[in-house]
Amino acid sequence: MADWLVESLADKPVAFMLEMGPSGYRTRDELDEIVCAQIVVLADEVLMLRRSRAFLEQLTLADYSTNGLILERWFFDDHFEDCTDGYLFTRDARLVADTCVAWFRDEWGAESTDDLGCDYRFPDELPGHI
C-alpha cells in the first residue's frame with residue numbers, strides 16, 4: 001500500500017487531493033470514530049497530510065504556496081474547523097505513505113486494503129486566457 005501511495009502522488013498537479021478511509025464509511029453508521037487521511041499537493045512539491053476521526057471536509061485553500069510553512073513537524077493545534085486531528089507538511093512522499101499505512105494498520109485495524117476506500121480529486125482548470 002505504501003508503494004502504491006508513493007506512486008499515486010508522483011507528478012500530481014498543485015491542488016490534487018487524495019483521501020483515504022474505511023470503504024463505505026458514509027453508509028456505516030455503526031462506526032463512531034474512524035481514521036481518515038487526506039493528502040493535498042501544494043506548491044514546490046510539498047504535501048500536506050491531514051488525519052481525522054471522521055470524514056474530512058474538502059479544503060478550499062486561498063493559496064497553495066509553501067512560503068513560511070514549517071516542514072517535517074506534526075501540527076495538532078486545531079487550525080482547521082473540521083475534525084482534523086493534526087497535519088504535516090513535507091516533501092517526503094514515502095513519509096506520508098508510511099504514516100498512512102501505520103494509521104490504518106495500527107489505529108483502525110484494517111485487516112486488508114479491501115477495507116479501505118480512496119477518492120482522488122484533481123483541480124478544476126479555468127479556460128485559457130486570450
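The model is predicted, so local features need pLDDT of at least 70 and side-chain atom pairs count only at pLDDT 80 or more, while totals for chains, interfaces and linings use all residues. Residues are numbered from 1 along each chain as its sequence is written, and side-chain values use heavy atoms, with hydrogens and water left out.

**Overall fold**

- The protein has two helices and six strands; helices (H or I, at least four residues) and strands (E, at least two) are DSSP runs, numbered from the N terminus.
- Starting at the N terminus, the order of the elements is α-β-β-β-β-β-α-β.
- The protein has 130 residues, and 42% of them count as buried. Buried means under 20% relative accessible area, exposed means over 50%, and partly exposed lies in between (1.4 Å probe, protein chains only).
- Among contacts (heavy atoms within 4.5 Å) between residues at least 6 apart in sequence, 57% join residues at least 24 apart.
- The accessible surface comes to about 8000 Å², and carbon and sulfur atoms account for 47% of it. Accessible areas come from the Shrake-Rupley method with a 1.4 Å probe; for residues, only the protein chains shown count as cover.

**Nonpolar cores**

- In soluble globular proteins, nonpolar side chains tend to be buried together.
- A nonpolar core is a set of buried Ala, Val, Leu, Ile, Met, Phe, Trp, Tyr and Cys residues joined through side-chain atoms within 4.5 Å.
- The largest nonpolar core holds 20 residues, and Leu9, Ile39 and Cys100 touch the most other members.
- At least two residues of this core come from each of α1 (2-9), β1 (17-22), β2 (36-41), β3 (47-52) and α2 (93-108).
- Helix α2 gives the largest share of this core, seven residues.
- Another core, of nine residues, lies apart from this one and includes Met17, Val46, Tyr87 and Phe89.
- Cys100 touches Leu5, Ala37, Ile39 and Leu49, when residues up to four places away in sequence are not counted.

**Aromatic pairs**

- A pair of aromatic rings is described by the distance of the centres and the angle of the planes.
- Rings of Phe, Tyr and Trp (its six-membered ring) pair if their centres lie within 6.5 Å; planes under 30 degrees apart count as stacked, over 60 as edge-to-face and the rest as tilted.
- By this rule there are seven aromatic pairs.
- Trp74 and Trp103 form an edge-to-face pair, because their ring centres are 5.9 Å apart and their planes lie at 65°. This pair links distant parts of the chain, with Trp74 in strand β4 (residues 74-75) and Trp103 in helix α2, 29 residues apart.
- Trp74 is partly exposed, with a relative accessible area of 33%, whereas Trp103 is buried, at 10%.
- Phe75 and Tyr87 count as stacked, because their ring centres are 5.3 Å apart and their planes lie at 15°. Phe75 is in strand β4 and Tyr87 in strand β5 (residues 84-90), so the pair ties together parts that are 12 residues apart in sequence.
- Both Phe75 and Tyr87 are buried.
- Leaving aside neighbours within four places in sequence, Trp74 is in contact with Leu49, Arg51, Gly86, Tyr87, Leu88 and Trp103.
- Ring pairs also link Trp4, Phe16, Tyr120 and Phe122 into a cluster.

**Salt bridges**

- A salt bridge is a side-chain nitrogen of Lys or Arg within 4 Å of a carboxyl oxygen of Asp or Glu.
- The whole structure contains six salt bridges.
- Glu19 forms a salt bridge with Arg121, and their closest N and O atoms are 3.1 Å apart. Glu19 is in strand β1 and Arg121 in strand β6, 102 residues apart.
- Glu19 and Arg121 are both buried.
- Arg51 forms a salt bridge with Asp85, with the closest N and O atoms 3.6 Å apart. Arg51 is in strand β3 and Asp85 in strand β5, 34 residues apart.
- Arg51 is buried, with a relative accessible area of 14%, whereas Asp85 is partly exposed, at 22%.
- Asp106 forms a salt bridge with Arg105, with the closest N and O atoms 2.9 Å apart. Asp106 is exposed, at 52% relative accessible area, and Arg105 is partly exposed, at 48%.
- A network of salt bridges links Asp3, Arg94 and Asp98.
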